[in-house]
Amino acid sequence: MIVIMKADATMKQKSAVIARAESLGFKIHLSDGKERTIIGLIGDDRDLYKDQIERMPGVERLVPVLKPFKVASREFQPDDTTFKIGDIEIGGKELVIMAGPCSVESRSQIIETAWAVKEAGAHILRGGAFKPRSSPYAFQGLGEEGLKYMAEAREETGLPIITEVMEPALVPLVAEYSDILQIGARNMQNYALLHAVGKSQAPVLLKRGMSSLIEEWLMCAEYILSHGNTRVMLCERGIRTFETYTRNTFDINAIAVAKQLSHLPVIADPSHATGRWEYVAPAAKASVAAGADGLIIEVHPRPDEAMSDGLQSLKPEKFAQLVVDMRRVAEAVDREIP
Ligand code: PEP
Ligand code: MN
């Protein structure tokens with residue numbers, strides 16, 4: 001349920017509504033928009049007697065949120081969510097570029113790549129330390145050692161870092177090192193993990209599951225948001241279809257749909273969406289045109305030697321050219337890539 005306050009409602013009236021809602025057992029999500037204030041009531045509202053709130057001074061009306069995802073929905077919060085990672089604003093007019101290798105392979109590899117992507121214009125360094133691999137015999141990542149190398153790369157370059165966390169018990173450890181927690185496609189519906197990252201209050205990038213509906217993806221974001229963790233980004237990374245020339249099928253529609261249904265920032269991952277470096281640039285530029293708030297792109301100094309996802313990794317020079325090209329697309333849709 002959302003409470004729409006009158007345009008001229010006073011602070012005192014808003015506080016009184018919040019206090020009443022809290023006394024009725026709701027958690028509050030306050031959206032102090034440009035036009036008016038919307039007070040979101042989080043919790044079971046089936047027994048709410050509407051008059052208890054609707055008759056209060058300053059209240060215009062109470063509106064039920066009909067979508068199954070509540071806090072994630074645009075009805076709940078009409079304005080885009082924006083938040084900062086260090087000096088970088090996510091979800092505003094400026095797009096954020098995250099780049100780096102699929103996996104952290106060594107100290108020198110991640111530091112070399114960090115400098116290269118920074119020079120090319122990336123704002124955030126990516127790199128997996130705990131890797132979700134299809135085969136148990138494949139490289140599983142360096143674990144905590146990899147997190148340490150990521151933190152060193154941040155120290156040297158000043159780039160904030162993003163890395164994947166795969167199990168609830170490891171959330172505190174990964175959050176200690178990383179600026180953003182990545183939930184991988186395979187773990188999108190790992191509810192224990194979603195609760196854990198929600199409770200951690202750390203910024204989260206939630207990848208769409210490879211066979212997930214947009215609604216299921218938003219419901220998973222809702223798990224994180226239900227803990228009052230509002231720093232959530234959605235990430236479209238391609239879905240499984242019958243096509244085999246590409247690793248996945250990039251659901252460009254999902255970017256526009258998610259932006260319409262939700263106020264959360266939407267990030268595109270053209271690397272996993274295509275699986276082939278040749279198609280990464282076209283998919284990346286299309287994402288910018290479609291309204292993505294940022295991108296996450298795999299870059300490796302020597303893709304032939306990569307321990308994972310070499311086929312879809314861009315060499316630093318190709319990535320640098322892509323950033324230049326994306327800037328022009330961004331300008332055409334009234335956005336900027338700083
Ligand atoms: C990754 O980012 O390297 C990764 C494993 O991505 P996804 O979860 O989208 O497959
Ligand atoms: Mn990868």
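**Salt bridges in the predicted model**

Asp 80 is partly exposed, with 37% relative accessible area (buried is under 20%, exposed over 50%, partly exposed in between; 1.4 Å probe, protein chains only). Arg 74 is also classed as partly exposed, at 22%. These two residues form a salt bridge, with 2.5 Å between the closest N and O atoms. The term denotes a side-chain nitrogen of Lys or Arg within 4 Å of a carboxyl oxygen of Asp or Glu. Across the whole structure, the search returns 22 salt bridges.

The model is predicted, so local features need pLDDT of at least 70 and side-chain atom pairs pLDDT 80 or more, while totals for chains, interfaces and linings use all residues. Side-chain values use heavy atoms, without hydrogens and water, and residues are numbered from 1 along each chain as its sequence is written.

Arg 154 and Asp 179 meet in a salt bridge at 2.8 Å, N to O. This pair links distant parts of the chain, 25 residues apart. Arg 154 sits in helix H4 (residues 144-157), and Asp 179 in the loop between helix H5 (171-177) and strand S10 (180-183). Helices (H or I, at least four residues) and strands (E, at least two) are DSSP runs, numbered from the N terminus. Arg 154 is partly exposed at 23%. Asp 179 is partly exposed at 24%.

A salt bridge of 2.8 Å, N to O, joins Arg 208 and Asp 251. Arg 208 lies in the loop between strand S11 (204-207) and helix H7 (214-225), and Asp 251 in the loop between strand S12 (232-236) and helix H8 (252-261), so the pair ties together parts 43 residues apart in sequence. Arg 208 is buried, at 4% relative accessibility. Asp 251 is buried as well, at 12%. Elsewhere, salt bridges with shared partners join Arg 36, Glu 60 and Arg 61 into one network.

Conventions
Chains are lettered from A and ligands numbered from 1 in the order in which they are written.
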